[in-house]
Amino acid sequence: MTTSHTSTGNRISGHGRENIPNLFFKMMTFLMKLSDLFAGQSERNFSRLPVKEGQIVVDYGCGPARYIKDASETVGSSGRVFAVDIHPMAIRNVKRKIDKYGLSNVEAIQADGYTCAIPNRIADVVYALDMFHMIEQPTQLIRELARIVMYHGIIVIEDGHQPRAKTLEKINNSGLLCICRENKHHVICKLKETKCLPPA
């Protein structure tokens, strides 16, 4: 899925482009590797997620696969990790990490538009990190996240490069999720038909 864009700034930041060009994907991967090498950013970001041993988790929009190893180790042999992305280079990155680290509980899934080949109601936790600002049709994406998550499960959405107010607007406009709580880094949601936790 290639979408329109209006400026160089949009191309670089991802606004208005859900499937970024290979060059920008490589640049993004390189910059993330630097931030992880010198600042441990991916480990710090992952430590904030409510992922536990034995869970089935979905990293939706996994990009350069920077959280895959941490997710695999956290859920352990009794858990499972699905790494989903629309970009073929992201899927190749996931598969390289699976081979490099022997991540037998990880599966790479290529998305087709706003859908992917993950069964309904399978995940305890679905997280979408640093990508929500890029989505042109957020309700369609949220519908897919809602299809994947179990009724008792949670969906964690990071703002990415947009204000929190914009993130909340997109979630509320979908009509599919209730916002259970927020923190500095994430908006934590459940399916609207389930009972949400009170705000923190």
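The model is predicted: local features need pLDDT of at least 70, side-chain atom pairs count only at pLDDT 80 or more, and totals for chains, interfaces and linings use all residues. Residues are numbered from 1 along each chain as its sequence is written, and side-chain values use heavy atoms, leaving out hydrogens and water.

**Sheet**
- Seven strands make an open, mixed sheet, ordered β3-β2-β1-β4-β5-β7-β6. Strands are DSSP runs of E, at least two residues, and helices are runs of H or I, at least four residues, numbered from the N terminus.
- The edge strands are β3 (106–110) and β6 (177–182); each has a single partner strand, so one side of each lacks a neighbour in the sheet.
- β2 and β3 pair in the parallel sense over five bridges; pairing takes at least two DSSP bridges.

**Cores**
- The largest nonpolar core has 32 residues, and Val58, Tyr60, Ile118, Val126 and Ile148 have the most contacts inside it. Such a core is a set of buried Ala, Val, Leu, Ile, Met, Phe, Trp, Tyr and Cys residues joined through side-chain atoms within 4.5 Å.
- Helix α6 gives the largest share of this core, five residues.
- A second, separate core has 24 residues, including Leu103 and Ile154.

**Lys170**
- Lys170 sits in helix α7 (residues 164–174).
- Lys170 is buried, meaning under 20% relative accessible area (1.4 Å probe, protein chains only).
- Lys170 has no salt bridge, which would need a side-chain nitrogen of Lys or Arg within 4 Å of a carboxyl oxygen of Asp or Glu.

Terms used. Buried < 20%, exposed > 50% of the residue type's maximum accessible area, 1.4 Å probe, protein only. Lys, Arg positive; Asp, Glu negative; His and termini not counted.
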